[in-house]
Amino acid sequence: MSRPPNQEFQEWWNKQRDKQQQKDLFLENPNYHLTTVDIQSPTGGESKVNKDRTRTRSPKQLFWFSLLKFHQFSNSFLSLLRTANRRISESDYPSPPRSQSESPFYRVIKFFLIVIVLLLAFELVAYFKGWHFSPPRLGKVEVVDLVEFVYANWLNIRANYLAPPLQSLTNVCIVLFLVQSLDRILLVLGCIWVKCWRLKPVAQMEYLDDVENVSVECYPMVLMQIPMCNEREVYKQSIAAVCTQDWPRERMLVQVLDDSNDRDVQDLIKAEVLRWQQRGVPILYRHRLIRTGYKAGNLKSAMSCDYVKDYEYVAIFDADFQPAPDFLKKTVPYFKGNDDLALVQTRWAFVNKEENLLTRLQNINLSFHFEVEQQVNGVFINFFGFNGTAGVWRIKALEDSGGWLERTTVEDMDIAVRAHLCGWKFIYLNDVKCLCELPESYEAYKKQQHRWHSGPMQLFRLCFVDILHSKVSLAKKANLIFLFFLLRKLILPFYSFTLFCIILPLTMFLPEAELPAWVVCYVPGLMSLLNILPAPRSFPFIVPFLLFENTMSVTKFNAMIAGLFRLGNAYEWIVTKKLGRSSEADLLAIMETESDPPVRSPTLRRSSSASGLAELNKLELKRAGKSRRNRVYRKELALAFILLAASVRSLLSAQGVHFYFLLFQGITFLVVGLDLIGEQAS
């Protein structure tokens with residue numbers, strides 16, 4: 001079923017094109033909007049007068065046009081300042097928990113900020129005294145002032161004791177940076193090779209659309225699970241998308257695994273499940289009384305049911321995922337004839353990727369992850385990290401690998417690593433897409449990234465010995481330890497934060513330790529260009545993407561350290577906030593399903609009556625009363641002031657590339673710290 005054309009987007013595109021054409025005409029002739037009739041006289045004098053009048057009015061029109069644009073920019077800038085002032089004034093209400101605001105990591109950053117500010121003040125005094133051009137030296141007669149004597153000692157200390165270890169750390173980070181960049185280049189080359197030679201998995205069979213002429217026994221038994229927790233905004237569309245799968249109902253079962261602790265949400269989900277039961281869909285509602293282990297515990301509890309042994313495969317969809325009706329028909333055939341195949345993973349597609357700047361930047365990152373990383377690893381080594389959703393597992397492989405474990409916050413990566421160590425293979429389908437949502441607020445995105453970067457370090461610490469003692473080849477062990485865990489999960493956030501947020505500002509105050517311009521600008525620009533290749537329409541956002549990725553390094557580094565050493569909230573699991581975005585194709589599919597006549601079921605209850613529906617409508621309206629508040633993020637703000645102070649020091653030394661990078665990176669940290677990116681609360 002092909003997706004219908006987006007007429008709304010086409011109308012928007014036509015309007016934008018017309019506006020651009022009108023703007024070009026205005027610059028060429030400011031009187032283009034006036035209805036004029038040129039009458040050619042025999043002498044041509046009147047035409048000449050009109051041309052002269054046009055020339056005399058053009059500068060005035062351009063002046064007012066420029067003044068209008070300046071007024072609009074001023075209003076936007078003042079609105080931004082008022083918003084920032086309001087965020088800062090409201091940052092203490094409600095006051096954040098002390099464990100969060102005064103974490104050890106934040107205290108280290110705050111101490112670093114104090115040191116940088118003191119050094120900047122000291123350097124400003126030295127600059128205005130002319131010591132940057134003729135630095136004082138110890139043992140000279142002209143060193144008579146106390147401040148000059150202190151500055152001369154500072155020059156000696158930083159040159160002999162501080163700069164050498166900083167330069168050594170800089171060289172180490174540069175080497176790590178180059179190794180990780182080389183890994184990224186090889187992944188891109190591998191993706192190009194896959195595209196050029198059209199390498200992709202091939203199924204030995206396929207299911208035709210003509211179901212009537214095909215025996216039901218040809219379809220394997222498939223279990224579909226939808227784990228969710230307080231998913232008020234998205235439960236309807238996810239259940240509807242899974243229940244409308246083009247698969248014989250006798251050969252499928254839908255499990256709605258609800259871990260909600262909100263009774264209103266539980267009642268809503270129960271009513272939705274009952275509604276689909278009335279239409280003849282085999283769907284069950286499960287709710288755990290003892291909610292331990294988060295998502296892993298939820299899936300583990302569902303797989304312990306007696307009827308699971310009758311099913312061969314299990315498809316998992318998070319609450320905001322909306323698989324197409326032919327999802328099972330496009331994924332299950334790959335298991336035929338591949339007895340060592342454990343997982344078929346599909347690609348994510350995002351219904352809100354153009355909602356705001358934050359979702360656009362996330363789309364760039366995840367497009368590279370799926371188009372390059374997952375596809376290359378799937379084609380060449382048959383292993384990659386399970387994305388936790390939009391995939392089909394062979395139940396036998398899950399059982400052989402030990403099932404779902406609750407020991408980390410990345411149960412998907414955990415089961416994938418254990419299955420790989422047991423000899424199972426994975427397949428990634430880049431052509432099969434499953435619609436989902438991106439976090440639209442920075443708060444939700446930050447919590448998601450913390451879990452995604454803390455969990456792998458927890459898992460690496462737990463399974464390192466198992467990898468060494470496993471029976472897989474030495475090459476697979478090296479790939480798991482050095483590439484999968486160390487390089488892409490540990491080294492990347494380490495050098496990104498250390499190099500651009502710590503070392504770079506310090507080199508401005510310790511100029512004896514140098515950080516080359518190609519490390520600051522050119523190589524990161526090349527890596528950003530490679531990242532954006534899978535999403536070419538996002539090319540105008542290449543600079544914001546580079547700056548934002550460096551900004552997120554503080555969250556990723558903090559999560560990596562917390563997961564590696566089991567610090568703070570390393571095991572914290574917070575459900576990512578969703579807003580219930582739906583695509584046109586999903587709405588059409590649901591409308592078609594709604595037109596089907598309901599099937600009478602003996603399990604009908606009074607809750608489906610008119611009074612029950614009225615009560616459910618009241619529960620739905622409760623969500624409108626809930627409001628959110630934009631926050632102020634102190635670690636990001638502290639790093640913003642650190643980088644801006646370093647940019648001032650760089651300006652004193654006339655370092656062009658370093659100054660511009662520090663300036664724009666500091667502004668980016670400031671914007672993120674004030675929560676001015678992503679969804680804005682009204």
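**Figure 1. Confidence across the predicted model.** pLDDT is the predictor's confidence in each residue, on a scale from 0 to 100. This protein averages a pLDDT of 85, and 80% of its residues score at least 70. As this is a predicted model, local features need pLDDT of at least 70 and side-chain atom pairs count only at pLDDT 80 or more, while totals for chains, interfaces and linings use all residues. Residues are numbered from 1 along each chain as its sequence is written, and side-chain values use heavy atoms, with hydrogens and water left out.

Figure 2. Over residues 51-55 pLDDT stays under 50, and the model has two contacts (heavy atoms within 4.5 Å) for them beyond four places in sequence. Residues 593-613 also stay under 50, here with 25 contacts beyond four places in sequence. Where pLDDT is low, the predicted coordinates should not be read in detail.

Figure 3. R251 sits in the loop between α6 (235-243) and β2 (252-258); helices (H or I, at least four residues) and strands (E, at least two) are DSSP runs, numbered from the N terminus. Is R251 buried or exposed? R251 is buried, because its relative accessible area is 15% and the cut-off for buried is under 20%, with exposed being over 50% and partly exposed in between (1.4 Å probe, protein chains only). Leaving aside neighbours within four places in sequence, R251 touches V216, E217, Y219, P220, M221 and V222.

**Figure 4. Inside the nonpolar cores.** A nonpolar core is a set of buried Ala, Val, Leu, Ile, Met, Phe, Trp, Tyr and Cys residues joined through side-chain atoms within 4.5 Å. The largest has 88 residues, of which M224, I239, I283, W393, V417, F426 and F485 touch the most other members. Strand β7 (residues 425-436) gives this core its largest share, seven residues. A second, separate core holds 59 residues, including F105, I116, A163 and L504.

Figure 5. C305 counts as buried because its relative accessibility is 13%, whereas C422, at 42%, counts as partly exposed. A search of the whole structure for disulfides (pairs of cysteine sulfur atoms within 2.5 Å) finds zero.
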